[in-house]
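Biologist: I would like to learn how to read a model like this one. Please take me through it step by step.

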Amino acid sequence: MNSTVMKKTMYFFALPALLFYCVFWIFPIFKLFQYSITDYNGYAQSFNYVGLSNYKELFSGSTLGNSIGNTLMYTLVSVVVGNLIGLGLALLLNQNIRGKGFYRSISYIPTLFSAIVVGFIWSYVYMPDSGMIASLLRMVGIPIDNLNFLGSYSSALYSIIFVEIWKNIGITMIIFLAGLQTIPNDLLEAGRIDGAGKWKLFRNVTLPLLATSVTINITLSIINGLKAFDFPFIMTNGGPGDSTNTLVYSIYKMAFTEQLFGKASALGVISFFIIIVITIIAVLTMNKKEVSA
Amino acid sequence: MSKQAAFSKSAAPTPAGRAETRTGGLKLLRKALMQLLVAGVMILNLIPLVIVLSASLRSPANNGNPLNLFSEISLASYQSAFERMHFGSALWNSIVLTGVSVVVVVIIAAMASYPIARIQSRWSSFLYLFFLAGLVIPGQMVLIPIVQMINGLNIPNTQYTPILMFITCSLPFSTFLYTGFIRSGVPIEVEEAAHIDGASLMRRFWSVVFPLILPVTVSVIITQGVWIWNDYFFNMTFISRASQSPLPLAMLGFMGDQQNPTQWNVLFAACVLCALPLLVAFSFLQKYFMGGMTVGAVKG
């Protein structure tokens, strides 16, 4: 097949994309490794090589551990809760329900919004006193004195994770729905005739046949979660304290507000490895599961 | 459809049929509950959006309880938002940025996927993984060197600079979609026929393969178009003048501070204006939007 019809000259087709990709994506990553051992501050053209001191500083400080913890929590919760809700919605909307087309469309709407718009809307929803949740609770007579979703150290992270889930639920749902629609009806029918209950049918027929959709959704939400940046940036500025500092947000803050490009690059390098390793582990585990299922 | 089935069942009152009507009643009840559940979930999901819409229709000074939905209908907030975000020019900037980026992505990602899908060698597998790896790298991480590089390469800092990043960031996912589809969806026999007819490689790709992969092209346009349209991050980095801002960037100025508290009604009107173009596109092209998301999911 590689012979006369598929000539090696085809590789030239990849050149334009490769050029963009290497210049604006791969080369900068190598530069990041270089900057990570300097005291570069972002504007002065001269900088000194400082060895591993950026890394040492990071490992002895609290930012690294804290942002890794927040990022992992962000990823874990958004993957588990997001996919459960998405799957639930998809199962509901796969039933014979009046207006399901309409429901599908409207649950897709939030995915069309810019993160800025979503962040603004939810800043209002969470606002203490006059925000949406506070007003609703007051209306039904629940006291709201200490209600401050984004302002309290313990709830801020979960509050922004919920926004992330809300924004992406439409896509998760659509992917599950597409998977559900590929399941042949006779298979479910056969299971029913064999006397399988609802749960057994779901566990032993539906779920294994959904394996591809599950893999795709989980992979997408892991990648999304590990890169979390938008809502800490728009809604909380990483605060209160450092409670919503994710890895990517910390890199951004270190580089562009604290002018520590060198140290931020070192954090970037560390994040790079963390993200790659977690993604590879997740993808490999799921591929194994998918084959055995 | 289900109504008809229930009707025909009750029309035949055999003993077995009577038992079935009873379970039929139970089924009806379950269905009603299900319907309620779905409606409930949807309402919970959409409350914030309804409140935003209702508040955006109030005049800027109306600070009444936003839960009194649609108690005032006025376009004053829209007028204010429209002017402050320079809606006309922001819309135009968004169209140009997204349009140019998407066209270039479609052309170069489709081309790059062709050898990756067709040649079976270590090189093509390497290229596939090489592009795919880019998916996991956050743009914010690459930004530190990029800002430096763009200055170093003397690429002028214009409103079109973000296009470079939009194209680059879109390549991994687009290449992934195209490669999967060419492998599974374009039979080699068509190409062999074109080859025998004497078509060059270029011609073969553009007039035989490219039309056949139209479904992925739609998918790439939708998925990449939506994120590029909504992106504020690269725009924020490279664009500093208000007249050059696309829609999401024009939104940034609406959040208040201590001196100028947020005018929520105007902010909400701006949110609606910002989301409107995509919502309009979605309402006309719904099938493509929802299908576009799943081309990769089902094929890949």
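Modeller: Start with the contact between the chains. In this predicted model, the contact takes 71 residues from chain A and 73 residues from chain B.

Biologist: Which helix gives the most to the side of chain A that touches chain B?

Modeller: Helix H1 of chain A, residues 15-35, with 12 residues.

Biologist: How many nonpolar, polar and charged residues does that side of chain A have?

Modeller: By class, 53 are nonpolar, 14 are polar and four are charged.

Biologist: What scores does the model have for ipTM and pTM?

Modeller: The ipTM is 0.87 and the pTM is 0.86.

Biologist: Now chain A itself. How many helices and strands are there in chain A?

Modeller: Chain A has 13 helices and zero strands. Its C-alpha trace spans about 75 × 75 × 30 Å along the principal axes.

Biologist: What percentage of the contacts in chain A join residues at least 24 apart?

Modeller: Count contacts between residues at least 6 apart in sequence: 69% of them join residues at least 24 apart.

Biologist: And burial? What share of chain A do buried residues make up?

Modeller: The general idea is to count neighbours: a residue is buried if 20 or more other C-beta atoms lie within 10 Å of its own. By that test, 43% of the 293 residues in chain A are buried. Helix H5 of chain A is a case to look at: 12 of its 12 residues are buried. Among them are A:Phe120, A:Trp122, A:Tyr124 and A:Tyr126.

Biologist: How far does helix H5 of chain A reach from its first C-alpha to its last?

Modeller: Compare the reach with an expected span, at 1.5 Å a residue. Helix H5 of chain A covers residues 115-126 and reaches 16 Å, close to the 16 Å expected.

Biologist: Which elements of chain B have the lowest and the highest mean pLDDT?

Modeller: Helix H1 of chain B, residues 2-10, has the lowest, at 40. Helix H4 of chain B, residues 87-118, has the highest, at 93. The mean over chain B is 82, and 88% of its residues reach 70 or more.

Biologist: Where does pLDDT stay under 50 in chain B?

Modeller: Over residues 1-17, for which the model has nine contacts beyond four places in sequence. Where pLDDT is low, the predicted coordinates should not be read in detail.

Terms used: Residues are numbered from 1 along each chain as its sequence is written. Chains are lettered from A and ligands numbered from 1 in the order in which they are written. This is a predicted model: local features need pLDDT of at least 70, side-chain atom pairs count only at pLDDT 80 or more; totals for chains, interfaces and linings use all residues. Two residues are in contact if their C-beta atoms, placed from the backbone, lie within 7 Å. Helices (H or I, at least four residues) and strands (E, at least two) are DSSP runs, numbered from the N terminus. Ala, Val, Leu, Ile, Met, Phe, Trp, Tyr, Cys and Pro count as nonpolar, Asp, Glu, Lys and Arg as charged, and the others, Gly among them, as polar. The expected span of a helix is 1.5 Å times one less than its number of residues. pLDDT is the predictor's confidence in each residue, from 0 to 100.
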